[in-house]
Structure formats: C-alpha cells, structure tokens
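Welcome! Take a moment to look over the sequence and the 3D picture, and then we will walk through a few features together.

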Amino acid sequence: MSVVVRFAPSPTGYLHIGGARTALFNWLFARSKGGKFLLRIEDTDRARSTDDAIEKIFEGLRWLGLDWDGEPVFQFARAARHADIAQMLMSEGKAYHCWSTQEELEAMRAKARAEGRQPRYDGTWRDRDPALAPKDVKPVVRLRAPQTGETTVHDMVQGEVTVPNAQLDDMVLLRGDGTPTYMLSVVVDDADMGITHVIRGDDHLTNTFRQVQLYRAMGVEPPVFGHIPLIHGPDGAKLSKRHGALGIEAYRDMGMLPEAMRNYLMRLGWSHGDADVISTEQAVQWFDMSQVGRSPSRFDMQKLTSLNAHWLRERSEEDLIGMIEPLIQAEGFSLDATGHRRLAAGMAGLKARCRTLNELAEAAAFYVEPRPIRIANDAVKILDEAARQRLAAIAPKLADVEEWSEAALEAACRQHAEQVGVGFGKLAQPLRVALTGSTVSPGLFEVMAVLGKDEVVARLDDAAQGRNGEKKARQ
C-alpha cells in the first residue's frame with residue numbers, strides 16, 4: 001500500500017508549534033515510506049479564516065522545508081461534495097432528519113447529567129415519523145450510528161482503544177442551513193484524497209470513533225490512525241503563549257534555523273536511541289511511528305536554542321553571511337565588498353560564540369560598522385584617560401608591524417606592554433573595546449587580523465581621541 005498522509009490546518013490562526021510538529025511527523029512518515037504528503041486547508045469557519053493566516057501557514061511550512069505534494073486542497077470549496085455524501089447516506093437509510101430544537105437538546109443533556117449519564121442526543125427522531133415534524137424548524141441530518149457493540153481503533157501510538165457504541169450518539173452531518181459539519185467534511189475529504197494514515201494530536205482521539213463509524217457507513221475502509229501526545233510547557237501545563245506557543249514565524253524572527261527547528265520538533269515525542277542531534281536526512285531514514293511515545297512532551301526553549309547553536313556552527317560562512325545581511329542592513333549598515341571580506345574571514349570565530357542568527361548579526365556588526373564605531377554602555381568606562389593614552393602609544397607600533405598575522409600582532413602587543421610596564425590585560429581590554437565596541441568578541445588578534453592594519457590603526461586613533469559620540473552607544 002502506498003502511503004498518503006495529510007496536514008490539515010485551520011487558517012483561523014498562524015502555524016503554531018504544535019501544528020508544525022504534526023506537519024513534520026506527517027512529512028517524515030511520508031518521506032520515510034516513499035509516500036505522499038498532502039496539504040489541506042480546513043477553511044470552513046468562514047468568519048475566522050483569513051487569507052493572511054493561509055499565507056502564513058504556507059510560509060511556515062516552506063521555511064521548515066516541509067514540501068507538500070500536489071496543490072493544496074481547500075475544504076470550503078468542496079462543501080457541495082460533502083453535502084452530497086450526507087444525502088447519499090439519507091437515501092440508504094444510514095442517516096436521517098432530526099427536528100430537535102436547541103432547547104430540546106439542552107433539556108436532553110440536562111436530564112442525562114441529572115441521571116449521572118453522559119450528555120448526548122437521545123435519538124428522538126431516529127425512528128420517528130417525519131410527518132410529526134414541526135413546520136417551523138429546519139432539520140439537521142444525523143448519522144444513524146450503531147447503538148450496540150463497540151468501535152475499536154488500532155492506533156499507531158495509543159495502541160488498541162475501544163469505546164462502547166452506546167456512548168456515541170448520532171452525530172450531526174448537515175446543519176439546519178444545509179452546511180456540512182467538520183466531522184463530515186474531514187471524513188469525506190480524507191476518503192476522496194486517498195489518505196491511508198492520519199497522524200494528528202491526541203486531542204482528536206475522541207472524534208476518531210465517530211469518524212470511523214462514518215467511514216463504515218460510507219463503505220470506505222478507515223485510514224490507520226496515529227494520535228500523538230500534545231506538547232506541554234516546562235511546568236507540565238498545556239502549552240500556551242507564556243510557554244512559547246507562538247507562530248512558527250516568531251521562531252524564525254528570533255534567529256532560529258529551520259534545520260534546528262526540525263531537529264527540536266522531531267525530538268518532541270519521537271526518539272531514536274539516545275541521539276539528540278539528528279539531521280533531517282537521518283530522520284527520514286529512521287522515522288517510525290512505533291518510536292513515538294504516549295506521554296506529553298515538554299517545550300524547552302533552552303534546548304531549542306542549544307540545538308540552534310549546533311546547527312549554526314554547521315552552516316557555511318557564505319550561508320550565514322547571506323542570512324545575517326538583512327539583519328545588518330536593518331541596523332543601518334551596508335555590506336560592501338570590504339565588509340563581506342571581513343565577515344567571511346571572521347565568521348568562524350563569530351559563529352562559535354553565537355546561538356542564533358540575531359546574536360550572530362549583532363556580534364558581527366563591528367566588522368562592517370563605519371568609523372567611529374559605537375561603544376557599548378558597559379564598555380565606555382574602560383576607555384578612561386589612561387586607557388586612551390595607552391591606545392595612542394601602541395597605534396604607531398602596530399602601524400610598523402610588517403607581517404599582519406595573529407602571531408606577529410600578539411608578539412607586538414605583549415612586547416609593548418612589557419616595555420611600558422603595564423599588565424597585558426590593561427592593554428588588551430581597551431584594545432578590544434576600541435576595535436569592537438564591546439568587552440566580548442572573538443579573539444583580539446583574530447579581530448585585528450581580519451580588520452586589517454589601516455582599519456585597526458584608524459579605530460585606535462578614534463578611541464584615543466574620544467571619537468565615539470557620533471552614534472548612540474549600544475545597549
């Protein structure tokens with residue numbers, strides 16, 4: 001059997017972290033089995049579905065690298081097909097009209113609760129003569145569900161789960177205005193799209209038993225289901241915005257890499273031995289639903305950031321330059337040929353110290369910043385009068401260095417510190433601040449080698465003369 005799965009988000013909001021993981025699991029399952037990964041937009045809630053949310057879902061999936069097969073299916077456009085199936089079931093005696101009003105339904109539920117039973121529709125119109133129907137009520141169409149026996153789901157994650165049919169009422173297929181319900185639309189779409197496996201959150205498990213009954217009424221073999229546990233916050237509570245339940249684009253804007261996001265999401269509920277760092281290529285080879293756990297996973301921003309740091313170091317210098325260029329430009333700095341050369345030469349030292357693209361762009365800014373460079377607030381105090389005098393004294397010594405290499409620069413600086421009788425630290429830290437604007441940077445002599453002699457001497461002269469007030473000091 002050729003595997004066909006689908007990701008079916010509702011465009012009433014953006015692609016959130018839980019939806020992104022569901023999409024990833026479906027994508028991995030399809031790619032690992034050589035099957036198809038389809039995309040369906042469940043836009044039947046017309047009041048809340050927006051074009052912007054649809055585009056954000058597309059953008060989020062593309063950024064994550066989850067390519068889908070064929071064109072997206074839009075559920076609302078298939079409403080007539082859904083209604084036709086309900087009418088077919090009516091003609092076969094597998095569905096019926098129900099004229100119960102909202103008040104009557106609420107009374108049924110209240111009575112059931114008072115008697116300690118599960119609130120449900122009691123089947124009033126299941127076998128009642130339609131001639132008795134009130135003239136002023138538009139009927140809904142309900143499925144004639146089995147009342148005895150059991151419905152069993154053989155779930156890829158939850159195992160075998162069984163529910164007595166007596167607990168499942170006759171669900172509504174068409175509303176009084178003739179529009180199909182979510183439950184009908186989902187089953188018809190999955191059947192028409194040839195979906196073989198449905199992988200989704202375990203909050204859908206209770207719906208599955210009713211949907212299986214509908215598949216059988218339609219004469220269609222139900223797909224294989226796999227209900228994955230939800231993601232919780234670090235405190236064990238249901239994941240919310242305060243935990244990090246943001247749209248996937250928010251993590252992109254934080255400077256996360258798509259490969260890091262994929263790695264982190266796949267490890268939220270799925271494991272392969274003790275491996276934490278897993279490439280997408282490895283995951284496609286290894287992925288199996290039998291390795292998905294039944295317990296909720298806990299979202300850990302620190303773990304995500306740590307994985308991002310790993311994958312950032314795996315990226316090439318040119319890739320990273322291209323990624324941070326828009327961020328650097330947003331700070332008002334242009335990336336000319338000289339800036340590009342410096343970033344290429346200094347990127348190895350930069351990326352080893354950064355966890356996100358945002359951190360990388362901030363750390364790299366001093367390489368492309370025009371003089372006089374900004375000085376961070378916490379570094380200004382280092383450039384006191386004594387430090388500026390030391391910088392003025394060493395600048396001509398560095399201008400005389402012939403071999404502009406890290407080793408030669410370190411030797412020149414240490415020799416000068418010894419000659420003037422100051423500890424090397426009292427010279428090195430003002431040098432770092434004058435050249436980078438910060439107390440933290442890649443290795444001092446690496447920075448000097450990347451900047452080049454003329455720029456180093458010029459920046460030291462700026463600092464010695466106190467020329468750093470033309471721009472707002474960095475926070």
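Two strands are said to pair if DSSP finds at least two bridges between them. Keep in mind that this is a predicted model.

The model has an open sheet of 3 strands in the order S1-S2-S3, and the pairing is parallel. At its edges lie strand S1 (4-7) and strand S3 (73-74), each of which pairs on one side only. Strands of a sheet pair through backbone hydrogen bonds, either parallel or antiparallel. Strand S2 covers residues 36-41 and pairs with S1 in the parallel sense over 4 bridges. One example to find on screen is Val4, whose bridge partner in S2 is Lys36.

Helix H2 (residues 51-64) lies across S1, S2 and S3, and runs at about 160 degrees to S2.

Now move along to helix H3 (residues 79-91), where you will find His82. Is His82 buried or exposed? His82 counts as buried because its relative accessibility is 0%, and the cut-off for buried is under 20%. Leaving aside residues up to four places away in sequence, His82 touches Gln75, Pro180, Leu184, Ser185, Val188 and Asp189.

Finally, the cysteines. How many disulfides does a search of the whole structure find? The search finds 0 disulfides.

| Residue | Relative accessible area | Class |
|---|---|---|
| Cys354 | 6% | buried |
| Cys413 | 0% | buried |

Methods
Residues are numbered from 1 along each chain as its sequence is written. This is a predicted model: local features need pLDDT of at least 70, side-chain atom pairs count only at pLDDT 80 or more; totals for chains, interfaces and linings use all residues. Side-chain values use heavy atoms; hydrogens and water are left out. Helices (H or I, at least four residues) and strands (E, at least two) are DSSP runs, numbered from the N terminus. Contact means heavy atoms within 4.5 Å. Axes are lines fitted to C-alpha atoms, for helices over the stretch in contact, and angles run from 0 to 180 degrees between N-to-C directions. Buried means under 20% relative accessible area, exposed over 50%, partly exposed in between (1.4 Å probe, protein chains only). A disulfide is a pair of cysteine sulfur atoms within 2.5 Å.
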